[in-house]
Amino acid sequence: MPHLSIALAPVDYLILAVYFVFVLGIGWALRRYMKTSSDFFLSGRAIPAWICGLAFISANLGAQEVIGMAASGAKYGIMTSHFYWVGAIPAMVFVGIFMMPFYYGSKARSVPEYLKLRFDEKTRAFNAISFAVMTVFSSGISMHALARLLEQILGFPYDLCIAVSALIVLAYIFLGGLTSAIYNEVLQFFMIVFGFVPLVWLGLESVGGWDALVAKLNTVAASPANPAGKVFAEGAWTQSWAHMTSPDANPMGVEWFGMVMGLGFVLSFGYWCTDFLVVQRAMAADSMSAARRTPLIAAVPKMLFPALVILPGMIAIAMHHELGDFLPKDENGATDFNMTVPVMLARFCPSGLLGVGITALMASFMSGMAGNVTAFNTVWTYDLYQSYIRPGQPDRHYLRMGHIITVVGILISVACAYVAREFNNIMDMLQLVFGFVNAPLFATFLLGMFWRRATGHGAFFGLLAGTGAAALHHGLTLPAGATVGVKGGWLVGGHVLHTYPVDMAQNFWAAIFAWTGCFVVTIAVSLATRRNKTDDELRGLVYSLTPRVKEHGVAWYLQPALLGTVVLAAAVVLNLIFW
Amino acid sequence: MQLDVRLPMGMMFVIIGVILSLYGLITWSDAEMYQRSLGYNVNLWWGLFLAAFGAAMLLLARRAAIRTKRDAPSPQSP
């Protein structure tokens, strides 16, 4: 039952076709450079910083981002920008300035391999396996989301969408490896920006500019018919910090401490600093200095994205409130916020520009998929296959394995997409479990990089304890109004210890518990066990044992420390402007 | 460097930009269609912008290629 249908004109199909020709053409043009496994998995470490930086942000700019952030923009207003200005920028600056010297300098080929060099095999295996499974599922979920969206709004057959998107991503990664993924991510980055800028501009123009939008959103906040169903003070949709003293005072239902610690510290640093999906882009850079600049360059567009992805949601909710039926309803009769972007495209884009917008939307799904596939094939080949299954083969063997596992990985993703379509609960549960595994990771890396006394046993049992703490917290608490099960409370059958106002608050606090559990147990076990690495072995892996990076021959305005400071200062200014 | 990404990117945006602006010219008088975009012929203007962006990318790629050629010593020099 399509509740929104967009008709594409021939010119829209033409634009889409041109885009796909270039996506595939890039893979084709790069195929002759793929001579060694290092070319295929690491881009031969030969990519300039600005390209890595745009790929870094594009790999993160998956489907969930564009569709989900616009939906959040409608539901929660400008507070959604906390996911950028608090939940991304500080961590991106940190990974660039403090962590990249170890990732890039250690010559590790992946994040799990760093864990092996720093700690031991079991810590690496734990991280590699959970990461490999997670990426393949994420890629499947992206594919499913794309196919379902195209089915809903354009009436394309689901199976065809899956087949086409899988084949295109397969073709360009198979041919050109990580370089092809990175180049296409740069293309996708500009496609997304250029597809959304006119949309935002037309949207703002039609509501009468920013001041008029603020006035309209104030009436949304004051109306019990708003998405939260509760009356808030003026500015609840247009001020990011002013209403965060209590979870009842803002539509997101979180307070500042849980947000800053849970999102800003644990979740954000855990993602940006340890997720190989993004770190791989920086590791492909052509020099240490370029690798360190990669996340800092990426932080600049990241900081400005709220204007591109959150603002359309805010415009949409203002129009929805005025017109009553601007956003469609889902099958349960609730407002379907995930349709925010498609509805805006349909409303403001005539044929032609619509083609650019739809292409941008597809590009965002594919960049997320391809990012997961390249991270998956590298971790599989280097960290699992070469380490535990067939070590000591000539390089040609691993290059071939890279090609094979790219095909296999995409086939598993396709299977996951169909599982997601049939059994939504399984996917919710899997994402929950991955959340438990990921939440504590940053504690392990922090202690690993800055405390040489941390041991292999400490890291491994710390990770287990953190994962356990997240699961335990989840089993004992529940968001308000939710039923016992995937949402929580399963340990105590509903007699929960604490009820959170919304599930986001529960997520933030789960992360805080996971991180603390991992941090404390890693320290305790490390102190109780003997060191398994000597100072000599830890050179280049731990802060106190590594000579500071000297940036030779780099212009003063390209120094990472300066760039990082400028980026942080700009983020603070943005927070103050929209306080 | 193996392949300058600005080359394919520039070509793509020039082509898309030209398609879009031509379409904008053809549909110039279709006031009904452009009601959606508040009366602006967004296809023409945005198409021109995309083409200009693409051309700038091509120019940068060309400049970089010339510089690499000049800096690299020719292989048959004594």
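Helix α8 of chain A contributes the most residues to the lining of the largest cavity, namely 3, where helices are DSSP runs of H or I of at least four residues and strands are runs of E of at least two, both numbered from the N terminus. The model is a predicted one, in which local features require pLDDT of at least 70 and side-chain atom pairs count only at pLDDT 80 or more, while totals for chains, interfaces and linings use all residues. Residues are numbered from 1 along each chain as its sequence is written, chains are lettered from A and ligands numbered from 1 in the order in which they are written, and side-chain values rest on heavy atoms, with hydrogens and water left out.

The structure contains 1 cavity of 30 Å³ or more, a cavity being a set of points, on a 1 Å grid over the protein atoms alone, where a 1.4 Å probe fits but cannot get out, with lining residues having an atom within 4 Å of a point. The volume of the largest cavity is about 30 Å³, taken as the space filled by probe spheres set on the points, with grid points joined across faces, edges and corners. Its lining consists of A:F126, A:N127, A:S130, A:V437, A:N438, A:L441 and A:L463, and the elements giving two or more residues to this lining are α8 and α17 (424–438) of chain A. By class, the lining comprises 4 nonpolar, 3 polar and no charged residues, where Ala, Val, Leu, Ile, Met, Phe, Trp, Tyr, Cys and Pro count as nonpolar, Asp, Glu, Lys and Arg as charged, and the others, Gly among them, as polar.

Helix α8 (residues 121–154) of chain A also packs with helix α19 (residues 456–476) of chain A, at an angle of about 35 degrees and with the axes 8 Å apart; the axes are lines fitted to C-alpha atoms, for helices over the stretch in contact, and angles run from 0 to 180 degrees between N-to-C directions. On the α8(A) side the contact (heavy atoms within 4.5 Å) is made by A:K122, A:T123 and A:F126, and on the α19(A) side by A:G456, A:H457, A:A459, A:F460, A:L463, A:L464 and A:T467. These residues divide into 5 nonpolar, 4 polar and 1 charged.

Elsewhere in chain A, A:S37 lies in helix α2 (residues 37–42) and counts as buried at 4% relative accessibility, buried meaning under 20% relative accessible area, exposed over 50% and partly exposed in between (1.4 Å probe, protein chains only). With neighbours within four places in sequence left aside, A:S37 is in contact with A:L42, A:Y382, A:D395, A:Y398 and A:L399.

Over all chains the structure holds 0 disulfides, a disulfide being a pair of cysteine sulfur atoms within 2.5 Å. For A:C52, the nearest cysteine sulfur, that of A:C273, is 17 Å away, and A:C52 is buried, with a relative accessible area of 0%. The sulfur of A:C161 lies 18 Å from the closest cysteine sulfur, in A:C416, and is therefore too far for a bond; A:C161 is likewise buried, at 7%.

Chain B has 2 helices and 0 strands, and 42% of its 78 residues count as buried. Among its contacts between residues at least 6 apart in sequence, 64% join residues at least 24 apart. B:W28 is placed in the loop between α1 (6–26) and α2 (42–71) of chain B and counts as exposed, at 54% relative accessibility. Residues up to four places away in sequence not being counted, B:W28 touches B:N41 and B:L44; B:W28 and B:L44 are 16 residues apart in sequence and 8.6 Å apart in space, C-alpha to C-alpha.

Methods: On a 1 Å grid over the protein atoms alone, a cavity is a set of points where a 1.4 Å probe fits but cannot get out, and a pocket is an open set with protein on both sides within 12 Å along at least five of seven lines; lining residues have an atom within 4 Å of a point.
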